[in-house]
Amino acid sequence: MTHTSRTTNKTTGKTGDQAGPVEVLQNARAQLAELTGLAAESVSSFERTDDGWDLEVEVLELARVPDTMSLLATYAVSLDPQGGLTAYRRVRRYERGRADPPPRSGAG
């Protein structure tokens with residue numbers, strides 16, 4: 001009888017041959033920046049899926065002065081289980097200093 005143990009790196013969260021969360025985030029930011037030529041500022045959403053990983057990455061699209069007028073964008077990014085980028089698309093573009101409008105109430 002053979003027993004296989006599965007260990008997880010506590011820093012990266014990597015198990016077996018799948019990339020861990022920290023590694024996925026770092027690689028996704030680097031891959032997106034290389035493909036778009038834009039600086040990834042932060043990851044605002046991160047989820048493991050059956051097909052790999054789905055992320056939303058905030059990217060600086062146009063720097064302006066003052067900085068609150070700079071244009072940012074949210075990119076939806078999909079990765080395979082090993083952390084390789086398989087797709088991306090811009091889903092939102094906004095000024096840094098502008099918040100989303102509050103949701104409308106259901107009464108009309």
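Arg-92 lies over the face of Tyr-94, at 3.9 Å from the ring centre, where a charge is taken to sit over a ring if NZ of Lys or CZ of Arg is within 6 Å of the ring centre and within 35 degrees of the ring normal. The model is a predicted one, in which local features need pLDDT of at least 70 and side-chain atom pairs count only at pLDDT 80 or more, while totals for chains, interfaces and linings use all residues. Residues are numbered from 1 along each chain as its sequence is written, and side-chain values use heavy atoms, with hydrogens and water left out.

Tyr-94 is also the bridge partner, in β4, of Leu-72. Strand β3 (residues 71-79) pairs with strand β4 (residues 85-95) in the antiparallel sense over nine bridges, strands being DSSP runs of E of at least two residues, numbered from the N terminus, and pairing requiring at least two DSSP bridges between them. The two strands form a hairpin with five residues between them, and Gly-83 in the turn has a positive phi of about 100°.

Two aromatic pairs were counted, under the rule that rings of Phe, Tyr and Trp (its six-membered ring) pair if their centres lie within 6.5 Å, with planes under 30 degrees apart counting as stacked, over 60 as edge-to-face and the rest as tilted. The rings of Phe-46 and Trp-53 are stacked, because their centres are 5.1 Å apart and their planes stand at 20°. The rings of Tyr-75 and Tyr-88, with centres 6.0 Å apart and planes at 50°, are therefore classed as tilted; since Tyr-75 lies in strand β3 and Tyr-88 in strand β4, this pair ties together parts that are 13 residues apart in sequence.

Relative accessible area (buried under 20%, exposed over 50%, partly exposed in between; 1.4 Å probe, protein chains only) was assigned to the members of both pairs. Trp-53 is buried at 3%, whereas Phe-46 is partly exposed at 33%; likewise, Tyr-75 is buried at 7%, whereas Tyr-88 is partly exposed at 36%.

Asp-54, located in strand β2 (residues 52-62), is partly exposed, with a relative accessible area of 34%. Beyond its neighbours within four places in sequence, Asp-54 is in contact with Ser-45, Phe-46, Glu-47, Thr-49, Val-77 and Ser-78, contact meaning heavy atoms within 4.5 Å. The side chains of Asp-54 and Ser-78 are joined by a polar contact of 3.2 Å, defined as a pair of N or O atoms within 3.5 Å of which, within protein, one must be able to donate a hydrogen and the other to accept it, residues adjacent in sequence counting only if both atoms are side-chain atoms. The C-alpha atoms of Asp-54 and Tyr-88, 34 residues apart along the chain, are separated by 9.7 Å.

Methods. Helices (H or I, at least four residues) and strands (E, at least two) are DSSP runs, numbered from the N terminus.
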